[in-house]
Amino acid sequence: MEDDAPVIYGLEFQARALTAQTAETDAIRFLVGTQSLKFDNQIHIIDFDDENNIINKNVLLHQAGEIWHIGASPADKAVLTTCYNKSETSGTLASDSRVVSCAAVWRMPSDWETGSHESPDDSAHNPQTLELLCHLDNSAHGNAACVLWEPMGDGKRVISLADNHALLWDLQESSTQATVSSTATLEGKGQLKFTSGKWSPHHNCSQLATANDTAIRGWDLRTMSQIYCIENAHGQLVRDLDFNPNRQYYLASCGDDCKVKFWDVRNVQEPVKTLEEHSHWVWSVRYNHSHDQLVLTASSDSRLILSNMVSISSEPFGHLVDDEELSEGEDNHQEDKGKEPLTDSVVSTYEEHEDSVYAAEWSSADPWLFASLSYDGRLVINRVPRALKYRILL
């Protein structure tokens with residue numbers, strides 16, 4: 001099999017929630033949450049054996065409801081969060097029921113990873129159930145859209161976005177209790193709702209970016225106050241955000257206008273760059289954790305696109321420079337006089353999916369490997385093309 005050939009896994013359920021294992025581990029692991037109306041919903045733990053090019057899966061039951069968002073603890077590989085839908089009955093009639101979106105913290109069973117299964121498929125036939133640690137009770141604040149773990153944190157702080165509220169939670173007692181330490185509220189006319197958010201890994205993890213409708217807002221978590229606003233960042237709904245891991249002021253966004261935009265949040269009048277490679281809504285944008293010129297975008301045009309955005313990366317001239325050097329101009333770049341930033345390009349377009357691609361994630365254990373998930377439950381694991389990998393490394 002070719003080194004760059006994709007590996008495809010089918011869940012047999014609809015799905016749109018995907019995350020990578022972020023706790024310290026050598027394993028290449030992705031977590032997928034399903035959306036099934038007829039059966040118990042599931043968390044699929046996907047371990048990829050890079051040497052043999054095979055997938056090992058384990059299945060855990062998530063009986064609480066359809067999973068819309070999933071997040072992995074940065075400190076404990078057995079702990080995760082989900083946002084899920086469940087029906088609530090407010091009266092005696094069936095018509096009085098309504099669907100609400102909830103959030104909770106879970107733990108995988110302690111004996112789950114002991115290798116006791118007879119075969120990799122055994123857990124799918126006799127799945128164990130996730131252990132509920134605590135609810136992130138947002139009943140007073142509305143429907144949960146997502147839960148964000150503090151980047152590189154100790155697993156003690158999460159943010160939940162619920163309707164027009166951002167709630168900062170402290171997890172205590174091994175995550176079995178959660179208390180709200182502070183909140184921010186989106187204010188304005190109409191029924192304002194957060195659609196997504198991203199916790200910045202910079203500034204000592206004191207900043208948050210959120211999307212609502214066509215706007216992007218930045219928040220200072222120390223005061224829970226707004227620090228910048230990009231009105232009409234996209235022509236239609238903003239779907240996803242991601243921070244450049246190496247350049248603290250750079251933020252990527254994508255939306256229903258089919259565009260991917262890159263922003264310097266110190267000057268939000270115009271995007272630094274705009275990509276228009278997709279032909280339908282763009283659901284997910286992700287920077288590579290180690291090589292920030294590599295950007296993944298996933299769309300309901302059924303395609304995943306890998307772009308090489310080198311001109312706005314931390315290595316625009318082929319070597320690592322920081323924001324201060326870039327903003328100080330040519331004085332620090334005698335060796336680069338007359339040297340143009342390298343050219344941005346689309347590296348690859350991946351078309352293994354047959355349905356809307358709702359999520360894409362880089363592996364935290366292998367910077368050259370990534371997964372994408374389409375609504376029909378197809379998970380595809382791909383690698384950065386070998387030629388580009390060696391060009392970046394050498």
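A cavity here is a set of points, on a 1 Å grid over the protein atoms alone, where a 1.4 Å probe fits but cannot get out. Grid points are joined across faces, edges and corners, and a volume is the space filled by probe spheres set on the points.

This is a predicted model, in which local features need pLDDT of at least 70, side-chain atom pairs count only at pLDDT 80 or more, and totals for chains, interfaces and linings use all residues. Residues are numbered from 1 along each chain as its sequence is written, and side-chain values use heavy atoms, with hydrogens and water left out.

View A. The largest cavity has a volume of about 30 Å³. Its lining residues (an atom within 4 Å of a point) include Cys-258, Leu-275, His-278 and Ile-305.

**View B. Strand β16, covered on both sides.** Strands are DSSP runs of E, at least two residues, numbered from the N terminus. In β16 (residues 207-212), 6 of 6 residues are buried, that is, under 20% relative accessible area with a 1.4 Å probe, protein chains only. Gln-207, Ala-209 and Ala-211 point one way, while Leu-208, Thr-210 and Asn-212 point the other way.

**View C. The neighbours of β16.** Two strands pair if DSSP finds at least two bridges between them. Strand β15 (residues 196-199) runs antiparallel to β16, joined by 4 bridges, and Trp-199 has Leu-208 as its bridge partner. On β17 (residues 215-220), also antiparallel to β16, there are 6 bridges to β16, with Asp-220 opposite Gln-207.

**View D. The hairpin turn.** Here 2 residues lie between β16 and β17, and Asp-213 in the turn has a positive phi of about 55°.

Note on methods: Buried means under 20% relative accessible area, exposed over 50%, partly exposed in between (1.4 Å probe, protein chains only). On a 1 Å grid over the protein atoms alone, a cavity is a set of points where a 1.4 Å probe fits but cannot get out, and a pocket is an open set with protein on both sides within 12 Å along at least five of seven lines; lining residues have an atom within 4 Å of a point.
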